[in-house]
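Please keep the sequence and the model in view while reading.

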Amino acid sequence: MDTTMTKPQYDDGVVKYLTVLAVVFLVLGTAMGTMAASQLAWPALNFDIAEITFARLRVMHTNTVIFAFGGMTLMATAFYTVQRTNGLKLYSNGLAWTTAILFTIGLLLGVISLSMGMTQGKEYHELIWPLDIAVALVWVMFTFNFVMTIANRNKQTHSHVYVSNWFFLGMMIMITYLYVVNGLAIPVSMFESYSIFSGVQDAMIQWWWGHNAVGFFLTAGFLAIMYYFVPKQAQRPVYSYRLSVIHFWALMFGYVWLGAHHLQYTALPDWTGSLGAAISLAMIIPSWGGALNGMLTLSGAWDRLRTDYILRFLVMALAFYAMATFEGPVMSAKTVNALSHYTDWTIGHVHSGALGWVAMVSIGAIYHMVMKLWNTEMYSMKLINFHFWLATIGTVLYIVAMWVSGIMQGLMWRAYDEYGMLAYTFAESVSAMHPYYVMRTIGGVLFTSGAVVMLYNIVMTLRMAKARQTSAVTAQA
Amino acid sequence: MSDKQHYFSTDWAAMTGHDWAGLIVTVLIFFGMAIAFWWALKPSRRKELEEQKYKVLDDD
């Protein structure tokens, strides 16, 4: 039987572009983060250059890793998986390319404008209003193409829409809604605007967006990646499909309630923080259900972790996902929050999710896609193993440094002497942080080095694939 | 009124239109989730749902 007739040809050009660029942005974004971390340990490293001072560099780092690396990975994996799970090409390859190119231009302009100090001043929503609108439009184009691809599938051969698509759709719909509402503003000049919200409402809307950027962009989207790539790499079906359905609906219902836990002990009504904390604690159940669903997919095949380095990335990501989704709810409880809030513990928590979960699951998926897209083996599997250890040790160093630093910070800030005076000045607490800031920088250097190794390995793989293709053509001629 | 009763008490007369809209949407979504859970966990649906997980293994 001629199988080439039954296998559809996919639109993989745009996926290849997004995949390679995601790795480039991973290197750039983690390098910026490491530089920012170094500046906290050694402030002279800002060299008195306004464009790279911590205040600007930190925002450039978050935008590059979240929206450039994370966004490109999500677009690449969404376009890759929607075609394969629904058995057809993209609704519009042209629209996908337009989306990818505009997204790249928007991100570059975003990072440049941030380096020039142009910002709306809203965390994770800093881009000035013209770029803000442009990014929203590009996101809608991406969503439209994805939805139409699913809508155009052959309903007889593909009656059911695989669960990874549900998570992608949930992310796309909710991020559009959250991003647009939080970005509502009145422009007063070409580059400046004022939010339509003010005071406590502004804070509430901001963290309703802020936490859901984590919940829907950095969690739901990457769970979509997990539900497709873990079974594919393990070559085993996901442990329980029904659990994945429960996981999806619980996540969609629960996440939107959590934002207020970022605003404990502020001007917000007390009950909103309590509600945010209560739902956060309840969210441990679906989050761990999802993590277990991914891990138990390996039941009976755990030995593969010895030899499959890509699978190691995916499973380690699930371990960090389980850890971060336990730590977060604990930190949202008022008693713990009184100690942890405004300290480095929060930064450590964010990075256990960002480096351990988001980056590692993305890295696993990207290695998997590179081999499939270019129909080749990797240039070096040993380098993938090396990358795995650099990333894991780097992440652990980073988060342990921030745990110790953060808890010490919190304890120093709340310590009183026998006369009821503060036991430590703020400057003393900053000075005490120095060894941990150095340790965090070392963690960042290791993680960034891993990203550089990955880029090198992928570039060499593509060159190897191209050389093989050229020699095959020559041999045929 | 005990502390607990005080904490959970609601002044229904003070509810604004926004409050009612939020309450109704929340309750409806909660029941929607409960229905989704019932649908997914129904024993008769087990085979139909679980067989979906095999399809992804040979899609490319």
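## The model and its numbering

The structure is a predicted model, in which local features need pLDDT of at least 70 and side-chain atom pairs count only at pLDDT 80 or more, while totals for chains, interfaces and linings use all residues. Residues are numbered from 1 along each chain as its sequence is written, and chains are lettered from A and ligands numbered from 1 in the order in which they are written.

Helices are DSSP runs (H or I, at least four residues), numbered from the N terminus.

## Helices α7 and α9 of chain A

Two packed helices are described by the angle between their axes and the distance between the axes. In chain A, α7 (residues 241-254) and α9 (residues 284-295) pack at an angle of about 150°, and their axes are 9 Å apart. Here axes are lines fitted to C-alpha atoms over the stretch in contact, and angles run from 0 to 180 degrees between N-to-C directions. The crossing of α7(A) and α9(A) is left-handed, a term used if the near helix is turned anticlockwise from the far one by less than a right angle.

Residues are in contact if their C-beta atoms, placed from the backbone, lie within 7 Å. On the α7(A) side, the residues that meet α9(A) include Leu243(A), Ile246(A) and Leu251(A); their partners in α9(A) are Pro286(A), Gly289(A), Gly290(A) and Asn293(A). By class, this contact of α7(A) with α9(A) has five nonpolar, six polar and no charged residues. In this scheme, Ala, Val, Leu, Ile, Met, Phe, Trp, Tyr, Cys and Pro are nonpolar, Asp, Glu, Lys and Arg are charged, and the others, Gly among them, are polar.

## The buried side of α9

Which residues of α9(A) are buried? They are Pro286(A), Ser287(A), Gly290(A), Ala291(A), Asn293(A) and Gly294(A). A residue is buried if 20 or more other C-beta atoms lie within 10 Å of its own, exposed if 12 or fewer, and partly exposed in between.

## The contact between chains A and B

Chain A and chain B each give 17 residues to their contact. On the side of chain A, α2 (54-86), α6 (199-234) and α7 each supply at least two residues, and α7(A) gives the most, with six residues. By class, this side of chain A has 10 nonpolar, three polar and four charged residues.

## Single residues

Asp48(A) has a positive phi of about 55° although it is not a glycine. Asp48(A) is in the loop between α1 and α2 of chain A and counts as exposed because it has 7 C-beta neighbours inside 10 Å. Thr53(A) is in the loop between α1 (13-41) and α2 of chain A; it counts as partly exposed, with 18 such neighbours inside 10 Å.

Asn375(A) also has a positive phi, of about 50°, although it is not a glycine. Asn375(A) is placed in the loop between α12 (344-373) and α13 (381-414) of chain A, and is exposed, with 9 other C-beta atoms within 10 Å.

Methods
Two residues are in contact if their C-beta atoms, placed from the backbone, lie within 7 Å.
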